[in-house]
Amino acid sequence: MGLKAGIVGLPNVGKSTLFSALTLNEAESANYAFTTIEPNVAIVNLYDKRLYELAKIVNTNKITPATFQFVDIAGLVQGASKGEGLGNKFLSNIREVDAIVHVIRCFEDTNIIHVNNKISPIDDLNIINMELILADLQTIENILNRIGKKAQNSSDKELKFEYQTILKIQKLLEGEIMIKNGDWTEEEWKIVKFYQFLTAKPTIYVANLNTENLKNLDQATQYQKLKQYLEEKSEILIPVCIKLEYELSQFDEEEKETFLKEYNVKESGLNLIIKKSFYILNQATYFTAGEIETRAWVYSQGQTAPECAGIIHTDFAKKFVKAEVIKYEDYIKYNGEKGCRENGKINLEGKNYIMQDGDVCYFKIAK
């Protein structure tokens with residue numbers, strides 16, 4: 001489906017190291033601003049334990065996980081909306097992604113310079129968010145210059161509605177509120193999406209901690225301040241030690257579990273970031289399971305069975321007849337398709353069936 005999440009933040013907050021850990025590819029990294037100029041792009045597997053449990057039951061030859069693209073975008077500085085630093089490049093790159101992973105440094109280290117010479121996570125967050133707001137206001141100004149006079153003197157209802165929506169967006173941004181936090185009708189949101197406003201993109205915030213802070217989150221002062229600030233705004237914040245995650249990314253799954261226990265962490269921060277990226281983009285997975293291949297397929301929540309069949313092949317949507325659907329829990333409990341069939345746990349679903357996360361499907365297609 002080609003979905004992308006852009007990793008953003010001030011210079012030297014750990015973006016490129018996070019990208020390297022996510023992708024197992026080394027992104028260029030150095031202790032000075034603007035090392036990342038051209039965005040690095042890589043495809044990341046979504047680790048889903050369910051997929052591997054299904055594969056065990058059917059003794060599959062090939063396992064294909066769901067994938068997601070992450071983009072490592074150049075560090076932003078104050079004034080980027082006016083072209084400071086690599087601002088124009090940053091803003092054009094971020095416009096092309098579907099979601100934002102905003103990395104914020106929450107630890108002291110005199111060996112790693114901070115672009116503003118102080119550690120203040122909330123200030124850092126607001127610098128970037130304000131630059132995005134200012135960039136969107138520039139976009140608004142360009143739109144109003146193009147359609148403003150025409151809309152005011154026109155009887156075209158659609159143009160007038162677009163004009164009023166743009167004015168509503170402008171007022172919100174001037175109040176330093178991001179578009180994604182506004183209250184929008186379905187028709188207004190279509191206009192928001194059309195213009196690809198930066199502050200409309202769903203966002204995950206990642207607090208980059210050192211290992212000591214990760215072990216004692218309650219005592220991590222900078223993290224706790226940031227957490228409280230973002231909780232009040234109903235935003236997602238994931239605490240991660242990016243340096244540790246980079247080391248973990250080179251271990252196998254068993255070694256990772258042992259290592260994480262030492263830090264009282266239940267799940268890798270990288271897995272959480274990938275899962276939350278799916279979540280904020282309203283994505284889910286269904287499965288197909290067989291000896292040749294067991295595979296996770298990404299779809300948008302709310303899609304019907306024919307639409308999901310069309311993800312496998314466009315002809316499947318047109319020639320869809322019905323779907324045999326097994327709930328993942330039943331598939332595991334009854335040890336596969338045969339056991340589910342014997343226990344009446346296979347449901348025949350038609351064209352109006354709304355796919356559910358974790359469904360194991362066999363599509364019946366007209367010849």
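I take pLDDT as the predictor's confidence in each residue, from 0 to 100, and contact as heavy atoms within 4.5 Å.

**Entry 1. Basis.** I am working from a predicted model, in which local features need pLDDT of at least 70 and side-chain atom pairs count only at pLDDT 80 or more, while totals for chains, interfaces and linings use all residues. Residues are numbered from 1 along each chain as its sequence is written, and side-chain values use heavy atoms, with hydrogens and water left out.

**Entry 2. Confidence.** I looked up the chain average first. The protein chain has a mean pLDDT of 86, with 88% of its residues at 70 or more. I took helices (H or I, at least four residues) and strands (E, at least two) as DSSP runs numbered from the N terminus. Confidence is lowest in helix α3 (residues 87–95), where the mean is 70, and highest in helix α14 (residues 328–333), at 98.

Over residues 25–38, pLDDT stays under 50, and the model has 42 contacts beyond four places in sequence for them. Over residues 83–87, pLDDT also stays under 50, with 11 such contacts. Where pLDDT is low, the predicted coordinates should not be read in detail.

**Entry 3. Annotated site.** I checked the UniProt record: an unreviewed entry places the feature "binding site" at N12, V13, G14, K15, S16 and T17. UniProt positions are in the numbering used here, feature names are shortened, and annotations may be inferred rather than shown by experiment.

I located N12 in the loop between β1 (4–8) and α1 (15–23). G14 is found in the loop between β1 and α1. For burial I used under 20% relative accessible area as buried, over 50% as exposed and partly exposed in between (1.4 Å probe, protein chains only). N12 counts as buried because its relative accessibility is 19%; G14 counts as buried because its value is 17%. Beyond its neighbours within four places in sequence, G14 is in contact with N208 and I242.

**Entry 4. Cavity.** I used a 1 Å grid over the protein atoms alone, a cavity being a set of points where a 1.4 Å probe fits but cannot get out, with lining residues having an atom within 4 Å of a point. Points are joined across faces, edges and corners, and a volume is the space filled by probe spheres set on them.

My search of the whole structure found one cavity of 30 Å³ or more. The largest cavity holds about 40 Å³ of space. Its lining consists of V8, I100, H102, I128, N129, L132, M178 and T203. α4 gives the largest share of this lining, three residues.

Notes. 1 Å grid on protein atoms, 1.4 Å probe; cavity = no way out; pocket = protein on both sides within 12 Å on 5 of 7 lines; lining within 4 Å.
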